[in-house]
Each structure stands twice: as C-alpha cells, then as structure tokens.
Amino acid sequence: YITSCLTGVCTLVLFVYYYWWKLPHPRYPPGVRGIPVLGALPFLGKFAHKDIMRWSREKYGPIMSVRFGQKDSVVLNDYESIYEAMVKQGPAFRSRPTMKLITSYSNGYGFGFAEGHTKYMELRHFTFKILRGFGIGGRYLEDRISDLAQELVQDFKKLDGKATDVRMIVATTIGNVIASIVLGKKYHPKDKDFQRHLQLILNNFGNEETASYILCMMYFPSLRHIPPFKNAWKTFMDEHFEQLGFCRKEIEEHKNNLNVNDPKDFVDAFLVEMKKHSPEGSWFHEESLILCVIDLFFGGTETSTSTVMWAMVVLINFPQIQEKLHKEIVNATGALSEALPNLDHRNELPLFQAFIQELYRCMTLAPLGVQHQTTKDADIGGYCIPKDTVVLTNIHAVHHDPKIWKNPSEFNIYRHIDQDGKFIPSRKMIPFGIGCRSCLGEKLARSEVFLLLANIIKGFDILPDPESKELPDYKDGINGFLYVPYDYKLVAKPR
Ligand code: HEM
C-alpha cells in the first residue's frame, strides 16, 4: 500500500514538474511562472503592463517570460528587443495565436488575429496598397477627413455650450471616415443601422465589466460554459454575428453595383481582386472579405475615437496648454473660422505635434500591443524563443522607459521640443507597433487625430462639466484590450 502511495505521489510530482516547472527551452527567458493553472494572473493588477514593466526592470531584464494561465508567453519590454524581433527577425514573429473567442465567429479570417501565413501576408500587402491608392495619408483622404471634421465642428456647435458626453459624436465622425474608404459611403449620423453598428463596436471593449470577462475568456475559453462568463460569451457572439449581417448586406449591394473598371472603395477593389484568385488558393473570397470589413471598422473606430477623447481630457486638465495650442493653430492657419487646418501646416505647428506625440506616449492605447506568435525557433538577446510561443510587446514600457524619457509619468509636451522650438519626432514612439504586423491604419489614424483635434482646438474652448466636482481623470482609465478614458462630459464653448 505504501509503495503504491509513494509511486502515486512521485508520478504526481513528476507530472507537475513536467507540465509546470520544465522550461520550454533551456535558454528560455527567465520570468514569472506564478501558480499552477492560473500562472501569473493572480499577481497581475488592473494594469498588467505596469506590473510586467516593474518585474522586468527590477529582476528579469527586458526580455522576460510570463505564464498567462497555462500558456507560456514572452514579453519584450524595451525598444531594442521589440525592434530586433518585429523588424529584424519579422518573419519569425509574424503570426498570432489562435483564440477560440475570435475564431468562433471569424473562422480565422480577418486582419487582427489572422495567423501569419503567406495567404494572409498577401492580403495584408494588398490592403496596404489599396488603402494607399484610395488616398490614405494623401490628399484625397485628407479632403474626406476635413469634410467630416467640419461636420464634427457643426455638431459641437449644436451642443450650445451644454455639458455633453461627446464620445458617440466623435465615434460617428471616425466611423464615417472608415465607411467612406471601405464602403465608399457616408452614413447620416442618425442612421439607426449605423448607430447600432458603432455602438456594438464601442461596447466590446469600452465597458469595464465586459472587457474583464472577455480578457479572462481569451486565456480560459472553457469559462464560457459557466455563468456569468456564459452570458458575456453569448452577448459577444450575438453582437459579432449581428455585425457580420451588417457587413454582408453592404457587400451584397457592392456586388450588384460593381464596375470592375472603376473600383470606388476597398470592397470594390477586393471584389475585383477575387476574380484573379481561386478561393482555395488564396484569402481573396467572400467570407474573408466580410471579416476584413469588420476588422477595419473594429481596428479603426474605437482606437482613434479614444485618442481624441483622451486629448480632450488633457485639454480640460491643462488649460494653459490648450491656450498655447489654440494660439499656435490660429497663427499658422489664420484667424478666420473658414481657414481650415490641413496636414501641410504640420511644420508650423511644433507644439501641437508635440502634444499629439505626448498623448500617444502617456496614454498608450494598446499598452501590450496585439499578441504575436513565433513561426519558428528564434534567438534574441541570447535567449531562445521556441516556435509557437506567444510574444507580447510592452509598448507602455517603451513609452515610459526612463532611459529615453525623463520623468516618464509626467505629461510634458516640451520634452518633444528642441532648443530652437522645433518638434522632435522620435522613432522610439511606437503606439502603432513596428514591423511585420504593425498597424494597417497608422497613416489614416495619424491624419484623423491631427485634423479632428486641430479643428476642435481652433474652434472651441474645451471646458469641464460645471456640474461635476472633479475633472476627468488623465492618469487613470479603463484597461481592457485598449486603454480608454472613463466616460465624462465636457463643454465645447465656441471661440
Ligand atoms: C490611434 C489609433 C490606432 C492605434 C494606437 C493603433 C494601434 C495598433 C497596434 C498597436 C496594432 C498591433 C501591432 C502589432 O501587432 O505589432 C494594430 C494593428 C492593427 N490596426 Fe491599428 N491602431 C490605430 C488605428 C487603426 C485604424 C484607423 C485602423 C484601420 C483603418 C487600424 C487597423 C489595424 C489592423 C487591421 C491591425 C492588424 C494588422 C495585422 O495584424 O496585420 N488601426 N493597431
């Protein structure tokens, strides 16, 4: 009896050792393994990126491992290691892990969570080219954004100085920028289907409770069978299938009206491209297209909306900065309200450019980026990261690295201004990621944020809600998949 007990205990110990303590490779990066089943999760607070940054600085170095649940992951915590992995060794780091939560509605298609195989890279390359052809970062697109910025200014005027939560107003403008590029149309702000579509996009990650359930189920998909996760899972799926329906309807209309010699938007261009490929040999087929459309809306709406919402939180908290930015924009573009700021004014707006760069730095929107996965064994910094390892980029840590930024937690636009008053762009600012899977919408987002904010700051004094006892918090926000500000109201007083 004793012998069989001992054998049982030994087997159990060996089993635990094998699954728990054995490193994936003898040269695997050191780090936090936490406790069985949950891994390091119980040791992570609301801001996981800050905890990991602290561990990496105090003990493990920039390339460290963290076990999330039962999954071994590597987190890169400085610019050098991220550059080495994502740019220099890009092909080895270009895949994404498969997540049941996502594949249950996407079948693996779309941009953000697709594996990094050749068919996907071909689609990514095509999208970059098409989006540029339709003017991303160029004049044509700038005109569309400027028109929408003017509408936003009119919407702000209609508020008549009343304290309002403007998130949906900003999201409608930004959603319409995506709609004009992807679907070649602009929706009426009161269009019920469009409002519902936007609301669903903003719902997923903007609500703290939903965000925490979704994050848990990313690591523990089995939780979906247990309440309250079961309900959150069902809502998440129902809402995504509803989105699929919205996009399918738009694509049907495009199919009926397609002129192959004159593609007018992303969907048209994709439909034309589909004719050149077999559905089996490529990702150019209808199911893939629907998911691409959804991902462009998802990737492009909440991100830019939240950046503009963060900017206004900062303007309210720092009225002196707001005044300086207003003066600089008026000096560069002329006092008349009809004289619109445009992208060519950039060089004359060093403080405004510094403000935006500081915003991207302090309020890093995707603090841990989007998960990557290795496609083969890779070597960085003397460590081995085996094939199929999940790799995260701690963008927050790069943006708060004291070796690059003095007093990194302080919001200070002057750190980006040189002695001659000129703006200093920094390649160590990586809010959109870098390399093989960097943001497809970077140029679009940069143009949007610049033009919308320049128009707002030129036309309005952004003030706090007089009824609220506290100013909206610029040092704390909702941290789900994205880091976004808490809901707040503001007064937009016309200048
Ligand atoms: C301020 C706004 C934005 C920020 C901060 C942002 C940030 C990011 C980041 C950090 C990534 C992951 C990079 C990586 O994995 O290495 C990403 C990916 C992506 N973004 Fe953005 N983004 C923004 C706006 C946009 C816009 C406007 C669009 C759409 C037009 C967009 C579409 C995408 C797509 C499709 C991907 C996935 C690319 C891939 O996996 O190949 N994003 N973004």
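Contact here means heavy atoms within 4.5 Å. Keep that in mind for the packing.

Now the ground rules. This is a predicted model, where local features need pLDDT of at least 70, side-chain atom pairs count only at pLDDT 80 or more, and totals for chains, interfaces and linings use all residues. Residues are numbered from 1 along each chain as its sequence is written, and side-chain values use heavy atoms, with hydrogens and water left out.

Start with F355. Which residues does F355 touch, not counting those up to four places away in sequence? They are A311, V314, L315, I321, L325, F411, I413, L453 and I457.

F355 is among the residues with the most contacts inside the largest nonpolar core, which has 112 residues. A nonpolar core is a set of buried Ala, Val, Leu, Ile, Met, Phe, Trp, Tyr and Cys residues joined through side-chain atoms within 4.5 Å. Buried means under 20% relative accessible area, with a 1.4 Å probe and protein chains only. Helix α12, residues 286-317, gives the most to this core: 18 residues. Helices are DSSP runs of H or I, at least four residues, numbered from the N terminus.

Next, the iron. The ligand's iron atom has a single protein donor, C439 (SG), 2.3 Å away. Donors are N, O and S atoms within 2.8 Å of the metal (3.2 Å for Na, K and Ca); water is not among the atoms, so sites may look incomplete. C439 sits in the loop between α15 (395-399) and α16 (442-459).

Last, α16 has a partner. In α7, T173, I174, V177, I178 and I181 meet L444, E448 and L452 of α16.

Notes. Helix = DSSP H or I, 4+ residues; strand = E, 2+ residues; numbered from the N terminus. Buried < 20%, exposed > 50% of the residue type's maximum accessible area, 1.4 Å probe, protein only.
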